[in-house]
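Me: I have a protein model open and would like to learn how to read it. Could you take me through it feature by feature?

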Amino acid sequence: MSTSEKDIYWMQRALELARRGIGVASPNPAVGCVILDRAGQVVGEGWHEYDLLDHAEIVALNEAKQHAGDHLKGGTAYVTLEPCNHTGRTGPCTQALIAAGLARVVAATGDPNPTVTGHGMEALRAAGLQTENGFCEAEARRINEGFARWIQHKRPFVLMKVAMTLDGRIAPPPGHHTAREPYWITSEAARAAVQPLRWQADAALTGVDTVLADDPMLTDRSGLRRRRPLLRVVLDSALRMPLDCKMVHGVQNDVVVFTVSKDEARINELRTRGVRVEVLSAEAGRVPLGKLLDKLGEEGILTLLTETGTRLNTALLASGMVDRIHLFVAPQIMGSDAVPAFKGMPGAIRMAEVEVERYGNDLGLCSLLRDPWASS
């Protein structure tokens, strides 16, 4: 293989390692690292887990030092995100790479943190190491879309999920659906594909109308590791959330209701059952979406998955707050009397570079609506 082919090969391995950090790295980025000795043999691998402190580079270096000894000098490190050059919970990874005697560091992408971006690679070059970046950049950025949005804007990356029919309907006409029972639009295969989306998210958002209609649990049932429970967020301006709904019944310090109501009796009823209630100042009589995102950002929520109804779907899209949209489309036609996924949009939302997947007879359409890595 050519040098560039080898770089791509090893960076793909580093990306595999980075994905092991999904669910356990937040609020830090998910990062993977592979270290080769000067003979080109793998001597160390690692990925970052927030609770274990060490960054991926340090985990890989510790393993490499045990296996390679002096052969580590002159080696190469492949890392999916630019090594840090500052002291936070741990020391700078750049200094550890330099001290190990490596000759070359290849990074998939730069650090989106505006206060540190580029400084890591600069420090390595100043110490005489050869540096390169850009290999598998798109894949590396996809893994850390949530971190990129949050670290630059202190708001979560918003991933909108909608299950709908071919004619854009999310529920049957009024009177054709039993209240507080789920009505499945898509197949079991498509519904199973939602669980990895919840696993990758720090929080899932729904509205009280959806709670009243479907009584969802909104839990992560992927079975995959995560360091903190999925935060279940409900927008409920008038505090209509039933006290006997599934979310209240199964609360484990993981449900928060955002409201503009000041009904102290109702607030206390929810709080005594373990539900956190956050009261925000109303905008047009409703919970302000921007302030909601600000609050979740303050709590270190990197990615917010939205599973909402017509009004919130429309409001989020119309306000330009959605970063990525994932549509699950079932081969059904319900007609104009059924509940629409969106209503009253001020203009068209165009999906570019659409990813298409099949789940049995259902289709998945996924597209980035705005780049979370952009600084503005």
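**Reading the fold**

Reply: Let's begin with contacts, meaning heavy atoms within 4.5 Å. Of the contacts in the protein chain between residues at least 6 apart in sequence, 73% join residues at least 24 apart. Keep in mind that this is a predicted model: local features need pLDDT of at least 70, side-chain atom pairs count only at pLDDT 80 or more, and totals for chains, interfaces and linings use all residues. Residues are numbered from 1 along each chain as its sequence is written, and side-chain values use heavy atoms, with hydrogens and water left out.

Me: How many helices and strands are there in the protein chain?

Reply: Helices (H or I, at least four residues) and strands (E, at least two) are DSSP runs, numbered from the N terminus. Here the protein chain has twelve helices and 16 strands. Its radius of gyration, taken over C-alpha atoms, is 23 Å, close to the 21 Å that the globule rule (2.2 Å times the number of residues to the power 0.38) gives for 376 residues, so the chain is as compact as a globular protein of that length. Along the principal axes, the C-alpha atoms fill a box of roughly 75 × 45 × 35 Å.

Me: What share of the residues in the protein chain is buried?

Reply: Buried means under 20% relative accessible area, exposed over 50%, and partly exposed in between (1.4 Å probe, protein chains only). In this chain, 52% of the 376 residues are buried.

Me: How do I read a sheet?

Reply: Strands of a sheet pair through backbone hydrogen bonds, either parallel or antiparallel. Two strands count as paired if DSSP finds at least two bridges between them.

Me: Which strands pair in the parallel sense over four bridges?

Reply: Strand S3 (residues 76–79) and S4 do, with Val 79 having Ala 107 in S4 as its bridge partner. Arg 104 stands opposite Gln 130 in S5. Between S4 and S5 the chain passes through helix H4 (residues 119–126), and this β-α-β crossover is right-handed: with the strands pointing away from the viewer, the path from the first strand over the helix to the second runs clockwise.

Me: What is the order of the nine strands in the open sheet?

Reply: The order is S11-S10-S9-S8-S12-S6-S13-S16-S15, with mixed pairing. S11 (276–279) and S15 (355–359) stand at the edges with a single partner strand each, so one side of each is left without a neighbour in the sheet. S15 runs antiparallel to S16 (residues 362–368), joined by five bridges, and Glu 357 faces Gly 364 in S16.

Me: And how do I read a salt bridge?

Reply: Side chains of opposite charge can pair when their charged atoms come close. The rule asks for a side-chain nitrogen of Lys or Arg within 4 Å of a carboxyl oxygen of Asp or Glu, and by this rule the count comes to 26 salt bridges. One of them joins Arg 149 and Asp 323 (2.7 Å, N to O). Arg 149 lies in helix H6 (residues 145–153) and Asp 323 in the loop between helix H12 (310–318) and S13, so the pair ties together parts that are 174 residues apart in sequence.

Me: Are Arg 149 and Asp 323 buried or exposed?

Reply: Both Arg 149 and Asp 323 are buried.
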